[in-house]
Amino acid sequence: MTPVPGWAWAVTLGVLAVLIAADLVLTRSAGHGLRAAAVESALWLAAALAFGAVLWLWRGPAAGGQYLAGYLLERALSVDNVFVFVVLFASLAVPAELQRRILFLGVVGALVLRGAFIAAGGALIQHVSWIFYVFGALVLLAGARLFRSGDAGPGNNMAVRGLRRVLPVSEHYAGARFFTRDGARTAATPLFVALVAIAVTDVVFALDSIPAVFGVTRDLFVVFTSNAFAVLGLRALYFLLAGTAERFVYLKPGIALLLVFIGGKMLLYDVVHMPLWVSLAVIMAVAGGAVAASLWRDRRHPRPALVRT
């Protein structure tokens, strides 16, 4: 694989910084309803596909196809984050007007942390070849665990409990502040607790999702950019799906199936050489099928929304 020159990394990081700044400015004046979330989500999708098209023209169909497969895989896996965020914000009673700020900070922090994870994972694979199979086993186990329990929330509860043990936490919000005076001492607000829990959640999910993308490609540039665009669209996806998250009942089994497929593919890498289009077709079929089956079931057995934003 031809190394990506430094100028390409610099331009890409610059583009991402501009997109993040534009998103922050535009969403300040935008509404907070479903329509605004749909428009924002569509714009992030368009930006991701446009970047993929540029990559396709620049580095060829192989890199472009790997980016698309990695992006779709990360996009599907990131939906599981939305379920956790819904429960987290509900349990901490985070006001709707503050959720947007927390998610923005969480997304930016997630981008930095994932960049570090990807660099470390790439270095490990390059210098310790057998670590690739360890990653495959971890992905396979993550899928099996999700099949068995269907629960992705313990990391959040542990983060909240752990923070409360080391920091005094006030019982009430103080506007958009993370710390406030509680009598004679400085205490963290529940908003800070929510921010820490969001960060810990993404670290937990990254430990599963980043090795999974290495199962699609070992190109660090492709791994990072597919992760970046999937994560940057997560905030808009949350506001688009938060009120209807409970309807997608088959999404967790679909995500688990994807993880098992990718993990198995990684473990059989030296035995079965699977074309990229097969992986892409499986990702699209499983994710799309899970969404379609969930919507079909909800239409026959409608349930009330979990959260309204």
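**Figure 1. Helix α1 and the nonpolar surface patch.** Helix α1 (residues 6–29) supplies the largest share of the nonpolar patch, three residues. The patch covers about 420 Å² and is made by Trp7, Val11, Val15 and Trp58. Patches are made of residues with over 30% relative accessible area and no salt bridge, with like charges joined within 9 Å and nonpolar side chains (Val, Leu, Ile, Met, Phe, Trp, Tyr) within 5 Å. Accessible areas come from the Shrake-Rupley method with a 1.4 Å probe, and for residues only the protein chains shown count as cover. Val11 is placed in helix α1 and is partly exposed, with a relative accessible area of 48%. Buried denotes under 20% relative accessible area, exposed over 50%, and partly exposed the range in between (1.4 Å probe, protein chains only). The model is predicted: local features need pLDDT of at least 70, side-chain atom pairs count only at pLDDT 80 or more, and totals for chains, interfaces and linings use all residues. Residues are numbered from 1 along each chain as its sequence is written, and side-chain values use heavy atoms, with hydrogens and water left out.

**Figure 2. Overall course of the chain.** The chain has 11 helices and two strands, in the sequence order α-α-α-α-α-α-β-β-α-α-α-α-α. Helices (H or I, at least four residues) and strands (E, at least two) are DSSP runs, numbered from the N terminus. Of the 309 residues of the chain, 47% count as buried.

**Figure 3. Helix α3 and the residue that follows.** Helix α3 (residues 61–91) has 31 residues, which at 1.5 Å a residue should span 45 Å; its end C-alpha atoms are 45 Å apart, in agreement. The expected span of a helix is 1.5 Å times one less than its number of residues. Because 24 of the 31 residues of α3 are buried, the helix is largely enclosed by the rest of the structure. Just after α3, Ala93 takes a positive phi of about 50°.

**Figure 4. Aromatic pairs.** Rings of Phe, Tyr and Trp (its six-membered ring) pair if their centres lie within 6.5 Å; planes under 30 degrees apart count as stacked, over 60 as edge-to-face and the rest as tilted. The count by this rule is 12 aromatic pairs. Trp58 and Phe221 form an edge-to-face pair, 5.9 Å centre to centre with 85° between the planes. Trp58 lies in helix α2 (residues 34–59) and Phe221 in helix α8 (residues 220–232), so this pair ties together parts that are 163 residues apart in sequence. Trp58 is partly exposed, at a relative accessible area of 38%, whereas Phe221 counts as buried at 1%. Phe178 and Phe192 also form an edge-to-face pair, 6.2 Å centre to centre with 70° between the planes. Phe178 lies in the loop between α6 (154–166) and β1 (179–182), and Phe192 in helix α7 (residues 190–214), 14 residues apart. Phe178 is buried at 17% relative accessibility, and Phe192 is buried at 18%. Ring pairs also link Trp7, Trp9, Phe51, Trp58, Tyr67, Tyr71, Phe221, Phe224 and Phe229 into a cluster.

**Figure 5. Arginine side chains over aromatic rings.** A charge sits over a ring if NZ of Lys or CZ of Arg is within 6 Å of the ring centre and within 35 degrees of the ring normal. The charged end of Arg59 sits over the ring of Trp58, 5.8 Å from its centre. Arg100 lies over the face of Phe239, at 4.4 Å from the ring centre.

Figure 6. The structure holds five salt bridges, each a side-chain nitrogen of Lys or Arg within 4 Å of a carboxyl oxygen of Asp or Glu. Arg235 and Asp23 meet in one of them (2.5 Å, N to O). Arg235 lies in helix α9 (residues 234–241) and Asp23 in helix α1, so the pair ties together parts that are 212 residues apart in sequence. Both Arg235 and Asp23 are buried. Arg100 forms a salt bridge with Glu40, the closest N and O atoms being 3.5 Å apart. Arg100 lies in helix α4 (residues 96–127) and Glu40 in helix α2, so this pair ties together parts that are 60 residues apart in sequence. Arg100 and Glu40 are both buried. Salt bridges that share partners join Asp23, Glu40, Arg100 and Arg235 into one network.
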